[in-house]
Structure formats: structure tokens, C-alpha cells
Number of protein chains: 2
Amino acid sequence: MERILAAAWELADEQGLAGISLRDLADRVDLRQPSLYSYFESKHALYDAMFAQGCEQMLEGIHARPVNGDARRVVKEMARRFVALSVENPARAQLLFQRTIPGFEPSAASYAIAQRMFEEGRTRLASVGLTKDRQMDMYTALIAGIVAQQLANDPGGTRWTRLVDEMVDMYLDHNRGNGSRNEAEARSPKASRPRAERPIERGGK
Amino acid sequence: MERILAAAWELADEQGLAGISLRDLADRVDLRQPSLYSYFESKHALYDAMFAQGCEQMLEGIHARPVNGDARRVVKEMARRFVALSVENPARAQLLFQRTIPGFEPSAASYAIAQRMFEEGRTRLASVGLTKDRQMDMYTALIAGIVAQQLANDPGGTRWTRLVDEMVDMYLDHNRGNGSRNEAEARSPKASRPRAERPIERGGK
DNA sequence: GTCTATATGTGGATAGAC
DNA sequence: GTCTATCCACATATAGAC
């Protein structure tokens with residue numbers, strides 16, 4: 001079962017997340033294709049298990065970073081770690097943060113893990129005074145952009161990952177004053193957020 | 001032929017880029033599936049035509065923006081336009097800027113259009129003094145992150161697109177001094193880029 | 001739990017008449 | 001250029017013996 005998931009990640013890495021076939025997967029673990037149905041009742045169930053495992057891996061990776069100390073250091077370490085984890089396993093990043101598998105939605109249980117992962121990030125930011133939704137959204141966009149560009153345009157390289165520190169510096173400089181109104185909002189007050197709180201990175205339609 | 005491409009975009013929008021089937025596509029334009037082979041010699045050729053058309057649309061959209069004037073205005077207008085074009089047609093953004101179709105690489109001719117699009121952006125940035133590769137990379141990451149988050153976590157909404165102006169302000173504030181050494185590089189000189197110039201947003205492996 | 005055998009569906013692509 | 005007919009590969013999923 002562990003081996004099945006491990007093989008699934010291998011396949012996803014080689015042929016893309018959607019490119020996993022139960023035949024290939026069965027071959028990897030020396031089973032016949034129908035035997036997989038003893039472990040997963042459908043292919044989506046396999047994705048769901050991968051989703052849950054992927055969330056746990058990200059959660060561990062980020063949780064292993066310090067919470068206290070210099071704001072810049074805390075945020076940078078989280079960012080570096082998150083980017084590294086995403087880039088080292090593109091399929092995982094794709095499964096967790098994009099919407100590429102038609103029809104797949106994580107189960108409630110798996111989704112709960114994703115929420116914990118997201119809250120972990122929110123907590124880190126809050127611990128350095130970045131408590132607003134808008135600040136969190138800017139942060140996730142920053143990180144997501146680095147990961148997206150790295151994976152799409154320089155897979156295996158470091159062209160964008162090496163920008164993490166500077167991007168975080170830029171972000172923290174911009175949010176100097178931590179949590180209070182920042183320059184941009186002072187400039188255009190109407191831009192402040194009317195939206196309802198969104199608990200997790202996967203709301204939407 | 002125009003109608004075929006239009007129908008292809010429709011399908012891509014509804015079922016995902018990879019979800020286009022030649023059967024469905026033929027139905028949309030009242031043809032039989034094999035008849036499409038009079039227009040495209042393969043499915044990849046269809047994607048290639050879509051790629052070229054998508055590039056042209058982006059190019060037009062960005063080209064229609066002013067080049068001269070206030071730096072903030074020029075960069076913001078380009079960013080807004082780019083983000084709007086990406087978000088309004090997710091399939092196009094996916095085809096042009098991600099690597100999701102297994103085995104698909106644009107033809108040389110289509111790729112040339114992509115280069116022009118990229119150079120258009122580079123020119124705009126250069127016109128306000130942002131001439132370094134590193135600055136361009138940060139800019140593309142910024143924009144890509146907004147688009148990625150918007151599409152993945154709030155499709156149809158404006159949760160991240162509304163951050164464009166603030167993100168650009170943050171970016172330009174950080175790069176105050178236009179083209180000269182910025183704060184982060186002054187801080188860690190070793191971080192400056194040893195890499196060779198990369199001409200276009202799709203190098204990599 | 002694992003197997004063989006098979007159902008059932010969907011792709012892209014080709015042959016050849018008109 | 002468009003059609004009918006068909007090929008062939010591959011997918012997920014199920015039935016039922018062991």
C-alpha cells in the first residue's frame with residue numbers, strides 16, 4: 001500500500017499526474033491491474049490518497065521550520081521550504097495546488113489536512129504581524145508565481161527559486177508596519193477587501 | 001477553419017485543454033471526425049495552431065497598451081491586461097504558459113510568435129529602466145502567481161486579480177533606481193545571475 | 001487478496017469511395 | 001474535402017474462480 005503510493009508518485013513524476021494508468025501502476029508493484037481495486041475503489045480514490053499524503057508531506061516540511069525569531073527569517077525559511085518541496089515534486093504541487101484532474105475533488109478528510117497546511121502558513125505569517133487576508137493572498141501569489149515559473153520555464157533549474165529571498169524581502173518591505181494599513185491601501189482605500197473570509201486555498205466555483 | 005479553432009477554444013474552456021477530443025470538436029463544427037484531418041494532420045497540429053493564435057491574441061492585447069509615460073502606469077497597464085487576458089481564457093493561459101499537454105512542443109513558427117510576445121513585455125519593462133534578466137524574472141513570477149492563484153482558487157472571481165496594482169507598486173518600489181543595483185543585490189552580491197541569457201519563456205529541459 | 005477474463009468506453013488515426 | 005467504415009491502442013472497471 002505504501003509501495004503503491006510511492007510507485008504512483010514515481011509515475012506521476014515521469015508521465016504527468018493525469019498520465020498515471022492503473023496498468024502501469026500495477027506493473028510497478030508487481031500486481032495485476034484489477035488487484036489495485038483491493039486498495040482503492042476507484043482512480044479518484046487513488047488521487048485522493050495521494051492528495052492526503054502530499055498534504056502531510058508539505059505540512060511536515062513546513063512544520064519543521066521555526067516559528068519564532070526574526071520575521072524575515074521565519075517567513076523566508078517557510079517560503080524556501082515551500083518552494084523547494086513544490087519544485088522537487090512537481091506532480092505533488094500540481095495535485096495540491098492546481099486544478100488539472102478533471103472531476104477530482106479531495107474528500108472531506110483529505111481536505112481537512114489541506115486546511116491544516118494552509119493554517120500553518122497563516123499562523124507563521126500572523127506571528128510576524130501579517131494577519132490580513134490580503135497580505136496572505138499576496139504571499140501565496142508570490143510563492144505560487146515562483147513555483148509556476150520555475151516548473152514551466154526552467155524545470156530542474158534554479159532560475160526562479162533563487163529569487164525567493166529577494167521576493168520575500170520585497171514583500172516584507174512593502175508590508176512594513178506589519179498588519180497596519182500599508183502604503184497601497186492608503187493610496188486607494190476602496191481597494192480594501194469586501195469579501196468574506198476564505199478558509200482554504202481551494203474555494204471557488 | 002476559423003470556426004474549428006473557435007470551437008476548439010470553447011471545448012478547451014469547458015472540458016480542459018487536454019479534454020478536447022476530435023470527435024467532440026468535429027460535432028461542434030458539423031463535420032465528421034476524420035474530416036478534421038483535412039485541416040490538421042494531427043491533434044498536436046491543432047494544439048500548435050491554437051498556440052499560435054493564442055500568442056497573437058495576447059500580443060495584440062498587450063501591444064494595444066501605451067509604451068510611454070509614467071513608469072507605474074505603463075507597467076500596471078501591461079500587467080492588468082496580461083492578467084485579464086489570462087484569466088478570461090484559462091485554457092489559453094494553460095497552453096501558452098504551462099506544460100500540461102504531454103509531448104506537445106510548439107512549432108518553430110508558433111514559437112517565434114511567442115518570442116515576440118515575450119520581447120514585447122521585455123521592451124515595456126526596459127522602457128521604464130528595468131533591463132536586467134533578474135528584474136524580468138521577478139516580474140513574470142509576480143504576474144504568473146496572480147494568475148495561478150486566481151485560476152486555481154477563485155475561478156471567475158477577482159480575489160487575486162485585484163491585487164495587480166498593489167503588487168506592481170511593490171515591485172516598482174523595490175526596484176526603485178531602475179536598472180541599477182537594487183537593495184537585495186547590494187545585500188548579497190553573490191546572488192547576481194551567472195546564468196546565460198534565456199531568450200524566451202519556455203527554455204528548460 | 002490476487003488472479004484470469006472480459007465488459008465497455010474512449011481516444012487518435014487511416015483506407016478508400018465519392 | 002467530406003464521407004463511411006474500421007483499426008488499434010489504451011483506459012477504467014467488473015465478474016467470478018482460487
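In the predicted model, a base nitrogen of DNA strand D lies 3.2 Å from an N or O atom in the side chain of Arg23(A). Such a pair is a polar contact, that is, a pair of N or O atoms within 3.5 Å; within protein, one atom must be able to donate a hydrogen and the other to accept it, and residues adjacent in sequence count only if both atoms are side-chain atoms. Arg23(A) is also among the closest of the 15 residues that surround DNA strand D, together with Gln33(A), Tyr37(A), Ser35(B) and Tyr39(B). A residue is near a strand if one of its heavy atoms lies within 4 Å of it. Of the atoms of DNA strand D within 4 Å of the protein, 64% belong to sugar or phosphate and the rest to bases.

Sugar and phosphate make up 62% of the atoms of DNA strand C that come within 4 Å of the protein.

| Residue and atom | DNA atom | Distance |
|---|---|---|
| Tyr39(A), side-chain N or O | phosphate oxygen of DNA strand C | 2.5 Å |
| Leu22(B), backbone N or O | phosphate oxygen of DNA strand C | 2.8 Å |
| Gln33(B), polar side-chain atom | base nitrogen of DNA strand C | 2.7 Å |
| Ser21(A), polar side-chain atom | phosphate oxygen of DNA strand D | 3.2 Å |
| Tyr39(B), side-chain N or O | phosphate oxygen of DNA strand D | 2.6 Å |

By class, the surface near DNA strand C has seven nonpolar, five polar and three charged residues. The surface near DNA strand D divides into seven nonpolar, five polar and three charged residues. Here Ala, Val, Leu, Ile, Met, Phe, Trp, Tyr, Cys and Pro count as nonpolar, Asp, Glu, Lys and Arg as charged, and the others, Gly among them, as polar.

The report now turns to helix packing. Helices (H or I, at least four residues) are DSSP runs, numbered from the N terminus. Axes are lines fitted to C-alpha atoms over the stretch in contact, and angles run from 0 to 180 degrees between N-to-C directions. Helix H8 (residues 164–174) of chain A packs against helix H8 (residues 164–174) of chain B at about 105°, with the axes 10 Å apart. H8(A) is therefore roughly perpendicular to H8(B), a term for angles of 65 to 115 degrees. Glu166(A), Met170(A), Tyr171(A) and His174(A) meet Glu166(B), Met170(B), Tyr171(B) and His174(B), where contact means heavy atoms within 4.5 Å.

Within chain A, the axes of helix H1 (residues 2–15) and helix H5 (residues 90–97) come within 8 Å and cross at roughly 95°. H1(A) and H5(A) are therefore roughly perpendicular to each other. Trp9(A), Ala12(A) and Asp13(A) of H1(A) make the contact with Pro90(A), Ala91(A), Arg92(A) and Leu95(A) of H5(A).

Residues are numbered from 1 along each chain as its sequence is written, and chains are lettered from A and ligands numbered from 1 in the order in which they are written. In this predicted model, local features need pLDDT of at least 70 and side-chain atom pairs count only at pLDDT 80 or more, while totals for chains, interfaces and linings use all residues; side-chain values use heavy atoms, with hydrogens and water left out.

Notes
Helix = DSSP H or I, 4+ residues; strand = E, 2+ residues; numbered from the N terminus. Parallel < 35°, antiparallel > 145°, perpendicular 65-115°, else oblique.
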